[in-house]
Amino acid sequence: MIVLGIESSCDETSVAVVKDGREILSNIIDSQIKIHEQYGGVVPEIASRNHIEAISRVAKKALEEAKITFEDIDVIAPAYGPGLVGALLVGVSYARGLAYTLKKPLVGVNHLEGHIAANYITHKDLKPPFICMLTSGGNTQIIHVKDYCDMKVLGKTRDDAIGEAFDKVARVIGLGYPGGPKVDKLAQQGQVTIDFPKTHFENLDFSFSGIKTAVINLNHKNPEINKSDLCISFEKAVTEVLIENITKAIEQTGVKTIVLAGGVSANTYIRGEFEKLENKSIKIYKPDLKLCTDNGAMIGAAGYYRYLNGNISTSVLNAVPNLKIDEI
């Protein structure tokens with residue numbers, strides 16, 4: 001089965017051709033990072049306009065690289081949420097037009113499920129059930145993936161997503177946008193010298209605003225502080241919270257297969273600390289670095305399993321910027 005995956009939830013316009021949910025035939029990504037760097041973050045209106053300019057060109061290139069035509073596609077799967085509403089609408093509208101013209105099934109995909117599905121491409125042997133630690137710019141969630149299309153959120157952030165915390169710390173110490181990769185790179189040169197406060201809950205929820213504020217305040221009070229040490233100490237603090245809650249999730253569910261997903265799962269320190277859990281008879285799966293950030297291939301993979309599950313969308317599929325895992 002050939003699925004055309006379309007991703008436009010934020011600042012990447014991506015179209016991919018995916019075979020049977022596991023094999024990438026093409027995965028074209030048109031990134032807007034250079035455009036938004038000058039503003040210190042993503043500007044929604046600019047993102048939307050660039051998606052409009054790029055979508056047809058990116059789709060054509062994806063088909064050419066996969067050596068197929070539109071007629072060879074079996075399913076058209078756009079991400080319809082969560083994300084920036086204007087940006088999402090570009091991908092959804094394009095997909096709706098294609099599905100109508102080609103008379104092909106339209107399958108709306110939750111962007112978060114796409115991040116989880118990136119692991120199906122990287123790891124051909126991976127099957128549910130498992131627990132997913134989803135960390136990205138807009139979300140931090142622990143998700144019990146009972147089956148390909150049966151998921152339950154066990155815990156989520158009550159304030160900032162972990163990716164937001166990375167970006168804000170990066171901005172304050174002068175690293176700029178995008179913050180996550182720059183904090184990660186600088187942290188590799190530092191040593192843990194600061195014990196930042198962490199917020200704990202009885203359930204599996206998260207809070208990163210306290211750690212973020214502590215980093216910002218310390219930097220303001222002591223602008224000459226070693227930025228490398230600051231970054232690695234910050235990474236250690238947030239990672240300890242992730243590990244603590246994932247350990248609770250394992251105890252609650254009895255599931256010992258852990259899957260990392262989302263843009264922040266590319267972080268070197270976080271990946272390394274989760275790998276240490278394998279010494280406790282826990283299996284850790286991580287997506288390829290190129291599949292951690294937003295891309296059409298992960299949407300195509302998720303769309304494949306959505307289609308097999310009978311989740312066909314109507315011609316009035318619309319963008320849902322605040323879409324939750326449990327709502328699809």
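Partly exposed describes a residue whose relative accessible area lies between the buried range, under 20%, and the exposed range, over 50%. Keep in mind throughout that the model is predicted. It holds 11 salt bridges, and the stops below visit some of them.

**Stop one.** Select Arg57 and Asp30. Their side chains form a salt bridge, 3.2 Å from N to O. Arg57 sits in helix α2 (residues 44-66) and Asp30 in strand β3 (residues 23-31), so this contact ties together parts 27 residues apart in sequence. Asp30 has a relative accessible area of 23%, so it is partly exposed. Arg57 is partly exposed as well, at 48%.

**Stop two.** Now select Arg306 and Glu113. A salt bridge joins their side chains, at 2.8 Å from N to O. Because Arg306 belongs to helix α10 (residues 296-308) and Glu113 to helix α4 (residues 111-122), the pair ties together parts 193 residues apart in sequence. Are Arg306 and Glu113 buried or exposed? Both are buried.

**Stop three.** Select Glu240 and Lys198. Here the salt bridge spans 3.1 Å, N to O. Glu240 is in helix α8 (residues 227-253), while Lys198 is in the loop between α6 (179-187) and α7 (209-221); the pair links distant parts of the chain, 42 residues apart. Glu240 is partly exposed, with 31% relative accessibility, and Lys198 is partly exposed at 26%.

Note on methods. Residues are numbered from 1 along each chain as its sequence is written. This is a predicted model: local features need pLDDT of at least 70, side-chain atom pairs count only at pLDDT 80 or more; totals for chains, interfaces and linings use all residues. Side-chain values use heavy atoms; hydrogens and water are left out. A salt bridge is a side-chain nitrogen of Lys or Arg within 4 Å of a carboxyl oxygen of Asp or Glu. Helices (H or I, at least four residues) and strands (E, at least two) are DSSP runs, numbered from the N terminus. Buried means under 20% relative accessible area, exposed over 50%, partly exposed in between (1.4 Å probe, protein chains only).
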